[in-house]
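This briefing walks through one chain and the two ligands modelled with it.

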Amino acid sequence: MARRALITGITGQDGSYLAEHLLDQGYEVWGLARGQANPRVSRMRKLLSDVQVVRGDLLDQGSLISAVERVQPDEVYNLGAISFVPMSWEQAELTAEVTGMGVLRMLEAIRVCSGVSRGAAAASGQIRFYQASSSEMFGQVTETPQNERTAFHPRSPYGVAKAYGHFLTQNYRESYGMYAVSGILFNHESPRRGAEFVTRKVSLGVARIKLGQATELRLGNLEARRDWGYAGDYVKAMHLMLQTATPEDYVIGTGHMKSVRELVEAAFSAAGLDWERYVVTDQTLHRPAEVDLLCADPKKARTQLGWEPRVAFDELVAMMVESDLRLLTDGGDPDQDSSWP
Ligand code: NDP
Ligand code: GDR
């Protein structure tokens, strides 16, 4: 029988790539979708027609229990979150509820539905749980690169909420013997990335300027440095993490860091443009507390999971710029259509 996976956050960037990967692996894939008339759910249904939809919300414990009871999954991937860091200052409580407490609710749904009690030994055939942890938990780093043992110092309500979910996942593993793991993923991008994140904001900005639809691109801190990889590579690591004999946490990233300035240079040059003529820095886009640099040490994932990133930074940036040029040339609306698949 096909293995069954339940994905929260199915309408997001990672949800789409993970669903495609699991379908390729022969899984029956279910996506948890929220809202009464969520347009992203209809879009997802059109593009991922083999994914079955179950209704539920990370804010609603009962809905998660019903979803797990209905789907009877072998694996649960908890990707649902408020994931845009600046929004977490504006709606800190909601971020704590969705991105933090949502993890508790999903773990409880699995625990209750599988009849797991305190001190029980890990049972075979139990539901395996993946939590989408984040490099934002490292925040203000004291060592670089960061690995699975690096201390956390989150710098946003989002990072704090992710740290709660991370420790809780570890705690359910230790308290109940549940197969629960966290992937500490560094930034990963694609043509399906939300337009609010810097890589996509830049690739769309470049495409608009190239096509004469805009004359400038306003950005915040150009000096921040990140370890950027390709989302299609990273979802494979999520799946691999749930296939190991013992549940453990893993850092996933490329091990290479670039600044926002270097990202901008690469994106404009992919379209044959000089970035200095178009980029305007805007103080209002700076964050109350910035994460200056993040760089992964993915050695554990390489040696224990055999995972390697395939798409390099320049290739990723060119892929995103080309995709947005195509999207806009075809008259697409990035806010409505995005550019996926
Ligand atoms: P997206 O922002 O693209 O997707 C977020 C998803 O969460 C959407 O499907 C959204 O659904 C869903 N969601 C929001 N609120 C709720 C809720 N109350 N109940 C259920 N679902 C909800 O994120 P990504 O795909 O980029 O990231 C996936 C996960 O990985 C997130 O948890 C993110 O924090 C984490 N992460 C991402 C990294 C990255 O670089 N992309 C790096 C490290 C971690 P809807 O359409 O209904 O709004
Ligand atoms: P991040 O991604 O906060 O790292 O979180 P984002 O792309 O938003 O920012 C990266 C860096 O770019 C700087 N920056 C700007 N960012 C945005 N969005 N818009 C701008 O105009 C701009 N100018 C400069 C930011 O200050 C920051 O330093 C992402 C999300 O996917 C999280 O959910 C995930 O957990 C982490 O990656 C790992």
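In what follows, Ala, Val, Leu, Ile, Met, Phe, Trp, Tyr, Cys and Pro count as nonpolar, Asp, Glu, Lys and Arg as charged, and the others, Gly among them, as polar. On that basis, the shell around ligand 1 has 9 nonpolar, 14 polar and 4 charged residues. The model is predicted. The chain is divided into domain 1 (4-188 + 230-252) and domain 2 (194-226 + 256-294 + 311-329).

**Ligand 1**

- Ligand 1 is surrounded by 27 residues.
- The closest of them are Gly 9, Gly 12, Gly 80, Ala 81 and Ala 132.
- Helix α1 supplies the largest share of the shell, with 3 residues.

**Ligand 2**

- Ligand 2 has 21 residues around it.
- Ser 83, Ser 134, Val 198, Gly 220 and Ala 224 come nearest.
- By class, the shell around ligand 2 divides into 9 nonpolar, 6 polar and 6 charged residues.
- Domain 1 and domain 2 both give residues to this shell, so ligand 2 lies between them.

**Domains**

- The centres of domain 1 and domain 2, taken over C-alpha atoms, are 28 Å apart.
- Their contact takes 17 residues from domain 1 and 12 residues from domain 2.
- On the side of domain 1 that touches domain 2, the residues divide into 7 nonpolar, 7 polar and 3 charged.

**Helix α7 against α9**

- Helix α7 (residues 198-210) packs with helix α9 (residues 260-270) at an angle of about 30°.
- The axes of α7 and α9 are 10 Å apart.
- Angles under 35 degrees count as roughly parallel, and α7 and α9 are therefore roughly parallel to each other.
- The crossing of α7 and α9 is right-handed.
- From α7, the contact uses Val 198, Thr 199, Val 202, Ser 203 and Val 206.
- From α9, the contact uses Val 260, Leu 263, Val 264, Ala 267 and Phe 268.
- By class, the contact of α7 with α9 has 8 nonpolar and 2 polar residues, and no charged ones.
- Val 198 of this contact is also one of the residues that come nearest to ligand 2.

**Helix α7 against α11**

- Helix α11 (residues 313-329) also meets α7; the two axes come within 8 Å and cross at roughly 50°.
- That angle makes α7 oblique to α11.
- The crossing of α7 and α11 is right-handed.
- On the α7 side, the contact is made by Thr 199, Arg 200, Ser 203, Leu 204, Val 206, Ala 207, Arg 208 and Lys 210.
- On the α11 side, the contact is made by Met 320, Val 321, Asp 324, Leu 325 and Leu 328.
- The residues of the contact of α7 with α11 divide into 7 nonpolar, 2 polar and 4 charged.
- Thr 199, Ser 203 and Val 206 of α7 take part in the contact with α9 and also in the contact with α11.

**Helix α1 against α8**

- Helix α1 packs with helix α8 (residues 231-241) at an angle of about 65°.
- The axes of α1 and α8 are 9 Å apart.
- The crossing of α1 and α8 is right-handed.
- α1 brings Gln 13, Asp 14, Tyr 17, Leu 18, His 21 and Leu 22 to the contact.
- α8 brings Ala 231, Gly 232, Val 235, Lys 236, Met 238 and His 239.
- By class, the contact of α1 with α8 has 6 nonpolar, 4 polar and 2 charged residues.

**Backbone details**

- The peptide bond from Thr 144 to Pro 145 is cis, with omega near 0°.
- Pro 145 sits in the loop between β5 (128-134) and α6 (157-176).
- Gln 72 is not a glycine, yet has a positive phi of about 50°.
- Gln 72 belongs to the loop between α3 (61-71) and β4 (75-78).

Note on methods: Residues numbered from 1 in each chain as written. Chains lettered and ligands numbered in written order. Predicted model: local features only at pLDDT ≥ 70, side-chain atom pairs only at ≥ 80, totals over all residues. Near = placed C-beta within 6 Å. Domains from an automatic or database assignment. Axes fitted to C-alpha atoms, helices over the stretch in contact; angles between N-to-C directions. Helix = DSSP H or I, 4+ residues; strand = E, 2+ residues; numbered from the N terminus. Parallel < 35°, antiparallel > 145°, perpendicular 65-115°, else oblique. Left-handed = near helix turned anticlockwise from the far one by under 90°. Contact = placed C-beta atoms within 7 Å.
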